[in-house]
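Welcome! Here is a short tour of one protein chain, laid out by topic so that you can follow along in the viewer.

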Amino acid sequence: MNAFNDSTALVTGANKGIGKEIARQLAAAGLRVYVGARDPERGRRAVEEIGGGARLLVLDVTDDKSVAAASAEVPDLDVLVNNAGIMLDGTSAPGTDLGALRRTYDTNLFGVFAVTDAFLPALRRSPRPRIVNVSSGTGSLGWSTGPDARFPTGTGIAYRSSKAALNMLTVCYAHALAPEGFKVNALAPGLRRTDLAPRAAASDGDPAEAAAGAVRLALLPEDGPSGAFLSWDGTPVPW
């Protein structure tokens with residue numbers, strides 16, 4: 001972590017849940033942390049709770065003007081954690097509302113693409129740029145198929161397919177940015193006690209545990225992996 005002293009990070013969707021805990025842990029590690037939040041008031045409260053080097057960055061990942069304005073406020077960046085995500089519809093593929101599917105992709109996939117591209121100039125000024133995309137084990141094709149599938153149901157198609165697409169986006173960015181020294185990885189945080197969905201809200205999974213996995217990827221040493229899909233505990237997840 002010493003290599004990242006005096007470094008700057010941005011965490012999207014950081015006013016609550018796993019995102020806020022990621023921001024908290026990065027600030028505790030000595031980084032200046034932009035707390036990305038769509039709602040300014042909630043963002044301010046999160047910044048006050050985190051303290052240290054936390055600062056508010058109003059950012060709606062689904063709004064091109066908001067993304068452009070936010071990127072103009074951050075000239076230099078070492079770590080980008082694309083954490084903002086939503087789950088609107090837990091139904092199966094035949095019953096999923098098309099509008100919910102589009103809104104889910106707008107945040108979980110297109111928002112990651114928009115934010116990453118907008119902040120690339122700032123990241124390219126870093127001697128050790130890192131990108132972490134918070135994905136989901138439910139988006140793993142390996143864990144969704146076969147006789148030993150962890151997630152054998154066809155439910156949650158909008159969320160799960162958006163995360164599978166995010167995994168491919170991660171791989172493509174990792175390959176494209178490798179010559180510039182970037183480390184780009186995806187994280188499966190596990191089921192956590194958040195307001196993502198009723199099942200998550202009822203879970204006893206600690207968001208801090210998942211956040212620790214994201215922070216490890218955010219502060220990877222030079223010999224760390226890139227283009228990987230890793231669980232919160234550092235073990236590989238099948239694509």
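F182 is buried, with a relative accessible area of 3%; buried means under 20% relative accessible area, exposed over 50%, and partly exposed in between (1.4 Å probe, protein chains only). Please keep in mind that this is a predicted model, in which local features need pLDDT of at least 70 and side-chain atom pairs count only at pLDDT 80 or more, while totals for chains, interfaces and linings use all residues. Residues are numbered from 1 along each chain as its sequence is written, and side-chain values use heavy atoms, with hydrogens and water left out.

**Around F182**

- Not counting residues up to four places away in sequence, F182 touches L120, L123, R124, P129, I131, L177 and S226; a contact means heavy atoms within 4.5 Å.
- F182 and V79 are 103 residues apart in sequence, and their C-alpha atoms are 10.0 Å apart in space.

**The chain as a whole**

- The protein chain has 7 helices and 7 strands; helices (H or I, at least four residues) and strands (E, at least two) are DSSP runs, numbered from the N terminus.
- Along the sequence, these elements follow the pattern β-α-β-α-β-α-β-α-β-α-β-α-α-β.
- The radius of gyration is 17 Å, close to the 18 Å that the globule rule gives for 239 residues, so the protein chain is as compact as a globular protein of that length. This radius is taken over C-alpha atoms, and the globule rule is 2.2 Å times the number of residues to the power 0.38.
- Taken along the principal axes, the C-alpha atoms fill a box of roughly 45 × 40 × 35 Å.
- Of the 239 residues in the protein chain, 51% are buried.
- Among contacts in the protein chain with a separation of 6 or more, 66% come from residues 24 or more positions apart.

**The sheet**

- An open sheet is formed by 7 strands in the order β3-β2-β1-β4-β5-β6-β7, with parallel pairing; two strands pair if DSSP finds at least two bridges between them.
- At the edges are β3 (54–58) and β7 (229–231), each of which pairs on one side only.
- Neighbouring strands of this sheet are turned by 25° against each other on average, direction ignored. Axes are lines fitted to C-alpha atoms, for helices over the stretch in contact, and angles run from 0 to 180 degrees between N-to-C directions.
- Strand β1 (residues 8–11) and strand β4 (residues 79–82) run parallel and are joined by 3 bridges; A9 stands opposite V79 in β4.
- On β4 there are also 4 bridges to β5, again with the two strands running parallel. N82 has N133 in β5 as its bridge partner.
- Strand β5 is mostly covered, with 5 of its 5 residues buried. R130, V132 and V134 point one way from β5, while I131 and N133 point the other way.

**Helix α4 and its aromatic rings**

- Helix α4 (residues 98–123) lies across β1, β3, β4 and β5 (130–134), and it runs at about 175° to β4.
- The whole structure holds 4 aromatic pairs. Rings of Phe, Tyr and Trp (its six-membered ring) pair if their centres lie within 6.5 Å; planes under 30 degrees apart count as stacked, over 60 as edge-to-face and the rest as tilted.
- One of the pairs is Y105 with F110, which is tilted because the ring centres are 6.3 Å apart and the planes stand at 50°. F110 is partly exposed, at 45% relative accessibility.
- Another is F113 with Y173: the centres are 6.4 Å apart and the planes at 45°, so this pair is tilted. F113 lies in helix α4 and Y173 in helix α5 (residues 157–177), so the pair ties together parts that are 60 residues apart in sequence.
- F113 is partly exposed, with a relative accessible area of 42%, whereas Y173 counts as buried at 9%.

**Charges over rings**

- R55 lies over the face of Y34, at 5.5 Å from the ring centre. A charge sits over a ring if NZ of Lys or CZ of Arg is within 6 Å of the ring centre and within 35 degrees of the ring normal.
- R150 lies over the face of W143, at 3.8 Å from the ring centre.

**A detail before β1**

- D6 is in the segment before β1 and has a positive phi of about 65° although it is not a glycine.
- D6 is exposed, with a relative accessible area of 59%.
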